[in-house]
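User: Can you walk me through this one? I'd like to start with the ligands, then look at a helix and the sheet.

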Amino acid sequence: MKNEGKKVIEQARDQDKTEIAGKESGKHSFEVDRRSVYKCVQCGTCRSVCPVFDVVGWESANTRGRMLIIKGLLEGRAPLEDVLQSLASCTTCGICASRCPAGANPPEVVEAARAQLVKCDITTEAQEKLKSAVLTYGNSFGETKDRKHWLSETELSKIPEKSDYVYFVGCFDSYRYPEFAKKTFGVLQRFGVTLLPDEQCCASPLLRTGFKKDAEKVMQRNLEQIRKMGANTIITSCAGCYTALKNNYPEEFRVISLPEFLAEHLEDLDLKKLDFTVTYHDPCHLGRHNEVYDAPRKVIEAISTLKEMKNIKENARCCGGGGGVRIGYPDISLELAKNRLQDVPEGVDYIVTSCPLCVRNLRDAGGNIEVIDIVELVAMAMG
Ligand code: SF4
Ligand code: SF4
């Protein structure tokens, strides 16, 4: 695995060399909260859990290496391509933070450092493409079709203009899994939930990759609509949207994930028991980052038999899809997903998760067990 990983990172490194060439490094001073960086005492506990290090095998691609590089930048080292490679390949999965005996929060530090690289005009081509797609088209894929293309004219005309509850669909379900969006909205409409008139990307891809100022613009457009509508609860089925809405938007409304909403309304849903055994993959940004562990399990257990994966909840291994790694380093991302599939127990009918990015990455990794979103399981149980 390490050799395979080495090949993967060598390809990625070559790719970065060209992208960074010609940029003026060190144009600005590098500013990241020193206290958070110096919390890291270089003990190396995190080396054994960083999923990227597990694939790549190089010190600069593990948590400790990243923290050391950021320290160097604070102390005046010019940000060169190895820095970009190291910082851009962190999925922000957060397992290192959960294990760190010194209380460091490396993904937070990495994100802050990425924002500094953006300030210094040091970014990858993939990151620039992503930013431009979000700012130009309001979605991370650069899709030009209407965000609500998955609804018919008649369905569109029936969407309430105002409601206390809004379903925030997200780019992934809008454009890659419209069938999830349709199923989710189908369930939520029973409870009077509506949609934003002109939903934009939640800004998670920009926030995670350091484009903080650009993220503000997109967030503002969503915020204006939420305020105008007077909604007090936002429901989302994407773990990335969830963490952005909950932790990066002003605390003006309640943010709830689809599994939490479903768990709260189980009795109203009238779900039938299915003869399935499934396992559940905790998305990092729903689980470790926000501690939503019980709600999805409650929903699953109301429908089927749950057989847990090898590493679960705060110990769940990352699918590799987050932090901009899927776009920037697809090969590394895929290796992480393959590793996660090794945690799947024998004798399950489905791998269930509650994030479309996890669905996509785990599906891309192959394997012989179908990966489904929790809403699909619920839809089956609703008959
Ligand atoms: S981040 Fe925490 S666990 Fe990792 S090397 Fe630093 S102090 Fe140790
Ligand atoms: S957040 Fe995850 S990928 Fe990033 S350094 Fe920590 S363990 Fe590694």
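User: Which residues come nearest to ligand 2?
Analyst: Of the 15 residues around ligand 2, the nearest are Cys50, Thr63, Cys90, Cys93 and Cys96. A residue counts as near if its C-beta atom, placed from the backbone, lies within 6 Å of the molecule.

User: Which elements give two or more residues to that shell?
Analyst: Helix H3 (51-56), H4, helix H6 (95-99) and helix H7 (106-119). Helices (H or I, at least four residues) and strands (E, at least two) are DSSP runs, numbered from the N terminus.

User: How should I read the model and its numbering?
Analyst: It is a predicted model: local features need pLDDT of at least 70, side-chain atom pairs count only at pLDDT 80 or more, and totals for chains, interfaces and linings use all residues. Residues are numbered from 1 along each chain as its sequence is written, with chains lettered from A and ligands numbered from 1 in the order in which they are written.

User: Now ligand 1. Which residues are closest?
Analyst: Cys40, Cys43, Thr45, Cys46 and Cys100, out of 15 residues that surround ligand 1. Helix H4 (residues 63-74) gives the largest share of the shell, three residues.

User: What is that shell made of, by class?
Analyst: Ten nonpolar, four polar and one charged residues. Ala, Val, Leu, Ile, Met, Phe, Trp, Tyr, Cys and Pro count as nonpolar, Asp, Glu, Lys and Arg as charged, and the others, Gly among them, as polar.

User: Switching to H13. Which residues are buried there?
Analyst: Ala215, Val218, Met219 and Asn222. Buried means 20 or more other C-beta atoms within 10 Å of the residue's own, with C-beta atoms placed from the backbone.

User: What do the buried residues of H13 pack against?
Analyst: Helix H8 (125-137) and helix H12 (204-209). Contact means C-beta atoms, placed from the backbone, within 7 Å.

User: And what follows H13?
Analyst: Gly230, with a positive phi near 75 degrees.

User: Last topic, the sheet. What is the strand order?
Analyst: E1-E2-E3, an open sheet with parallel pairing. Two strands pair if DSSP finds at least two bridges between them.

User: Why is one side of E1 and of E3 left without a neighbour?
Analyst: Strand E1 (165-168) and strand E3 (254-257) are at the edges with a single partner strand each, so one side of each has no neighbour in the sheet.

Key. Buried ≥ 20, exposed ≤ 12 C-beta atoms within 10 Å, placed from the backbone. Contact = placed C-beta atoms within 7 Å.
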